[in-house]
Amino acid sequence: MTRFTPAELEAARDRLVPDVVADGLRILFCGINPGLMTAATGHHFARPGNRFWPVLHLSGFTPRLLKPSEQGELLSYGLGITNVVARATARADELTAEEYREGGRILSAKVERLRPAWLAVVGVTAYRTAFDERRAGVGPQERTIGSSRVWVLPNPSGLNAHWTAATMAEEFGRLRQAAEH
């Protein structure tokens, strides 16, 4: 894995991380915002300790554990990745409520254009703020965006101690099963 100096990571704040998307995906995963490691590498969920890639595999979405640098392979499985907020930060708590709300508007337009069967927002607090759904919990939501259904997943950040990789994989697996029907 590439090592970055603190100065290189700080400089990554100004980089935009391209979405991994296509029209008509089965599931469009949506992170909160890029971390500095993600911005530095250009690969989603790149920080060591982030459990997104292991959980994606454990839940049956991918036949093997993908590396962040292999994110383009997701498209072959009908999966994609975007973010609620494009701005890279060291921690999600650096984002403002207005950034989340604006991100929710931009994300809604993106979902209406791309028409995935499911939008899976990875992080319940981000979903609540971006879509003004204060009581939302993990799992399927009543809200739809165009024809796309919405599911909220736990945040796979290593900072989220409330969920283990195993319990996250169970929830991701529930979404996978719903998407297959």
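Tutor: Two rings of Phe, Tyr or Trp (for Trp, its six-membered ring) count as an aromatic pair if their centres lie within 6.5 Å, and the pair is called stacked when the planes are under 30 degrees apart, edge-to-face when they are over 60, and tilted for the rest. This is a predicted model, in which local features need pLDDT of at least 70 and side-chain atom pairs count only at pLDDT 80 or more, while totals for chains, interfaces and linings use all residues. Residues are numbered from 1 along each chain as its sequence is written, and side-chain values use heavy atoms, with hydrogens and water left out.

Student: How many aromatic pairs does the structure hold?

Tutor: A pair of aromatic rings is described by the distance of the centres and the angle of the planes. When that rule is applied to this structure, the count of aromatic pairs is eight.

Student: Are the rings of F52 and W53 stacked or edge-to-face?

Tutor: The ring centres of F52 and W53 are 5.1 Å apart. Their planes meet at 85°, so the pair is edge-to-face.

Student: Which term describes the pair of rings of Y127 and F131?

Tutor: The centres of the Y127 and F131 rings are 5.1 Å apart, and because their planes stand at 35°, the pair falls between the two angle limits. The term for Y127 and F131 is therefore tilted.

Student: In which helix do Y127 and F131 lie?

Tutor: Helices (H or I, at least four residues) and strands (E, at least two) are DSSP runs, numbered from the N terminus. Y127 and F131 are four residues apart, about one turn of the helix, and the helix that holds both, residues 124-131, is α5.

Student: How many salt bridges are there?

Tutor: Side chains of opposite charge can pair when their charged atoms come close. The rule asks for a side-chain nitrogen of Lys or Arg within 4 Å of a carboxyl oxygen of Asp or Glu. By this rule, the number of salt bridges is 12.

Student: How many residues apart in sequence are the parts that the salt bridge of K110 and D19 ties together?

Tutor: The closest N and O atoms of K110 and D19 are 2.6 Å apart. K110 belongs to helix α4 (residues 97-114), whereas D19 sits in the loop between α1 (6-11) and β1 (27-31), so the separation of these parts in sequence is 91 residues.

Student: Is K110 buried or exposed?

Tutor: Buried means under 20% relative accessible area, exposed means over 50%, and partly exposed is in between, with a 1.4 Å probe and protein chains only. D19 has 31% relative accessibility and is partly exposed. K110 has a relative accessible area of 14%, so K110 is buried.

Student: Which residues have the most contacts inside the largest nonpolar core?

Tutor: A nonpolar core is a set of buried Ala, Val, Leu, Ile, Met, Phe, Trp, Tyr and Cys residues joined through side-chain atoms within 4.5 Å. The largest such core has 22 residues, and those with the most contacts inside it are I27, F29 and L175.

Student: Which element gives the largest share of this core?

Tutor: Elements that give two or more residues to the core include β1, α3 (52-58) and β2 (79-83). The largest share, five residues, comes from α6.
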